[in-house]
Amino acid sequence: MTPPPETSTVWNHDGETMTVWPGRNHPLGATWSRESANFAVYAPEARAMWVCLFDEDGVETRHRLTELSLGVWHGALPGVARGARYGYRADGPWDPEAGLRFNPAKLLLDPYGRAVSGDLVVDKAIFGYVKDDPETRSDLDSAPYVPRSVVVHDDFQWGPDTSPHRRWRDTVIYEMHVKGMTALHDRVPDELRGTYAGLAAPAVTDYLKDLGVTAVELLPVHQFFSEPALAERGLVNYWGYNSLCYFAPHNAYSSAGDRGQQVTEFKQMVKDFHLAGLEVILDVVYNHTAEAGPRGPTLSFRGLDDRGYYQRVVPPPAKPGRDPEPVRYWDVTGCGNTVDATHTQSLRLILDSLRYWVTEMHVDGFRFDLMSALTRTDQVVDMGSHLLTAIGQDPVLRHVKLIAEPWDASMDGYRVGQFPPPWVEWNDQFRDTVRDFWRGHSGVRTVATRLAGSSDLYADDGRSPYASVNFVTAHDGFTLRDLVSYNEKHNDANGEDNRDGTDNNRSWNCGVEGKTDDPEIIALRRRQAANLMATLCFSSGVPMLTAGDERGRSQGGNNNAYGQDNETSWIDWRPDDAWLDVYEITKTALRLRREHPVLRQRHWFAGRPTIKGGIKDLVWVHPSGHEMTVADWNDDSIRTIGMFLNGAPLRSPGPRGEQVRDRSFMIWLNSGVDDVELVLPANQWVHHGEVVLSTNADVAVGTPVVAGGTMELQARSVLVLRET
C-alpha cells in the first residue's frame, strides 16, 4: 500500500518553514510549551509514524516522526497552539493473526491524549480490514469518521484544594451517572444539565450532604464510545463501559467545549465537591477497550501495538495432518478483548493514568470494573499479579481509595473476599442475601453474617469489616423501586428481544407486576424499599447507594439500561412521584450511622464483653427475648431477629488511645408475613430506650421502650431502638 502523503515541515505564524524537531520520548502523549508541542507514542513494531494536525476547517497536515527510541516514536512541532486537534497514523506489517494490524489509512487517537474532540461515526472506514474479508487491509481513510485527540495545557488554579480523606468506616458512597443525575434537575441551569459543571451545582452537592453521602462514585468518565452494533440499533452506550482514552474526561459531559475545556471543567467539579466535603471516586474500565474483538474498529491501540495491548490465546501445536488453529483474542470481559496488564507498556499505561487522575485531577479513589481480568498472570487469576503489586507499593496510589469489582465474565474470575489489602471489594453476597431475606426466601442465619460485616469473607486475611462495600442495587440491575415492583426483567427497549440482562434478580413485585393503583401494594412496596435501605445503612462495612433509589427512581423494569440515554435512566426530580418516605428513612439511617460510632466500627465483633464484667459487644436476640441458640440459628422458619450493639465501651479506642463510649442500639428486622410480639430482654446494663427509626406503621419515632417490656413488630418491617 502506498504511504499517505506527508510533510516534514510546519509553518509558523511568520510564514517561515521549520523542520520537525527530534523532541523527546517522554512523557508520552502531547506536551505543550510556548515554543513547541512534543509528541510521543509507543509503537515499537511500526515502520513509520505520522502525527496529523487538523486546522479549524478540518484540513489535515501530516508530519512524519523520524525519531524512534525505546519503542517510542517522537518529535516536536513548533508553533502548535493549545487546543489543536491531532491523531496518529502508523504503518508497518499487516499480519492480523500475529497481532500486527498497522494501517496508515486509519487515524488513531493518542493513548495518552488528555482530551478528545468529536465523536465516533460508524462507517466501514473505521475498520482496519475489508468488510467480509478480515485478512485484507482496508484502504479507506477513517479520518472523516473518527474523533481527534487535543493538545491540552490549562492553567487551572487549585488553590488550597485538599481531599477530605475520610476513613473507610466513615464513608458512604453514592453511585451516580454524570448526565443522569442532572439531566432533568429543575434547580440546575438548563445549559449545565448533564455536565460536570451541573453535577457540582449547589443543588446537587447540598442534596448529597443533606442525605448523608460522603463520596460520589461516578460511572465511567474516561472518554468512551458506543459500540457500532449498538449505534446501528439507534442506541448509545449510556453507562460508558466502553472506554478508549484513559487520560481524557468524556467530552459529552462538558458544558464549555471539547477542545480542552472538559479538563478544566472536570477539575472545577472536583474542587467544588471537595469544598462540600465530598470525595470523588471514578469507576474505571481498564480491563477492555472500545476496539472490541478482532472484528472491531481500529481506533487507537490496535493500530499501534495490537499484540502488546491485548491478551491472546496461543493454540497448541497442530496434530499431524491438521491445519493449525489461529491465534485468537482472549476474552474474559465479555466485550471482545482483554487488556494485557502483564505487558510492560499496558501496565505503564494503567499506572500512569491512575496517577494522572490523582495528581493532576485530584480524584480520591477508583472502583475497578471487572478487576479479576486485570490480575491474571498467564491468564490465571493471581493475587500477586503485576498490577496489584505495582499499585500496592506505589507511593501515590496505595493511599487512595481502591475498590475492586472482584470478578470478570469467566467462571474462575469470581474472587469475592480474596483481594489483598489495601483493596476493598464490592460484596455481591451481601446484595443477594439481603434481597433474599426481605423477599422471604431465607432465614436469619446468613443475613446476620452480612449485617455483622461478612467475616466469613474478610476476617481470615486480617482485613476489617470495611473491606466489604455493601450494596443492594447498582447501576447494573433493577433499581430499588423496580426490585420491589417486578418479578421479571422488561428490557424490550434495548432491542435484544429481552434476552439481555440477568434473570437472577432476587426480586419480589409484592403481588402485581409493575405499576399499580392498589394502595396496599404501593404501601408494601415503599415499606420494603425502606427496609432494604435501613438494612444497608446499619450493616457493618461501607454502604453504597445507587443514585435515585432513595427517591424511588424506576426504569420500568429494565434491569440492563446501559443503552438508555433518556428518561428511563435519568433521575426524575419532580416531587409528585417521589418516594419521600424512603428518602426520610435513608436520611435518618445515615444520620444515626454518622452520629454513633457503635454503628460503624472498624473491629470485628467478638461476641464477648469489651471490658471485664461488661456485656457482649454483639448479641443476637430471638423475638421471645433470649439470646439466639444453635437450634434457633438452624431453624429456617425464623424470619425475625434482633441485633444488640453494645456501645459501653466500644472495642476500638479513640485517636489518643482513649476508651470510646456510645449509646447502645437494638435493631429488629422482621421479613415474615406475620406480625410478631417482641420481648425486650431484661438486663442490668440497658434499662430504657426510644424508637429512633421505624418502618412499622404502628410504632412512631420517639416511642419510649423499657427493658423487659413487649412491643408489636409489624410484618415486613424494621425497628431501631436507641438507649436513653
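Modeller: A residue counts as buried under 20% relative accessible area, as exposed over 50% and as partly exposed in between (1.4 Å probe, protein chains only). The model is predicted, so local features need pLDDT of at least 70 and side-chain atom pairs pLDDT 80 or more, whereas totals for chains, interfaces and linings use all residues. Residues are numbered from 1 along each chain as its sequence is written, and side-chain values use heavy atoms, without hydrogens and water.

Colleague: Is Arg-193 buried, partly exposed or exposed?

Modeller: Arg-193 forms a salt bridge with Asp-190 (a side-chain nitrogen of Lys or Arg within 4 Å of a carboxyl oxygen of Asp or Glu). Asp-190 has a relative accessible area of 58% and is therefore exposed. Arg-193 has 28% relative accessibility, so the class is partly exposed.

Colleague: Which residue in β29 stands opposite Tyr-174?

Modeller: Strand β29 (a DSSP run of E, at least two residues) covers residues 542-546, and because five of its five residues are buried, β29 is largely enclosed by the rest of the structure. Strand β16, residues 173-176, runs parallel to β29 and is joined to it by three bridges (pairing needs at least two DSSP bridges). Within β29, the residue opposite Tyr-174 is Leu-545.

Colleague: How many residues apart in sequence are the parts that Arg-481 and Asp-577 tie together?

Modeller: The closest N and O atoms of this salt bridge are 3.2 Å apart. Arg-481 counts as buried at 16% relative accessibility, while Asp-577, at 45%, is partly exposed. Because Arg-481 lies in helix α12 (a DSSP run of H or I, at least four residues) and Asp-577 in the loop between β29 and α14, the separation of the parts is 96 residues.
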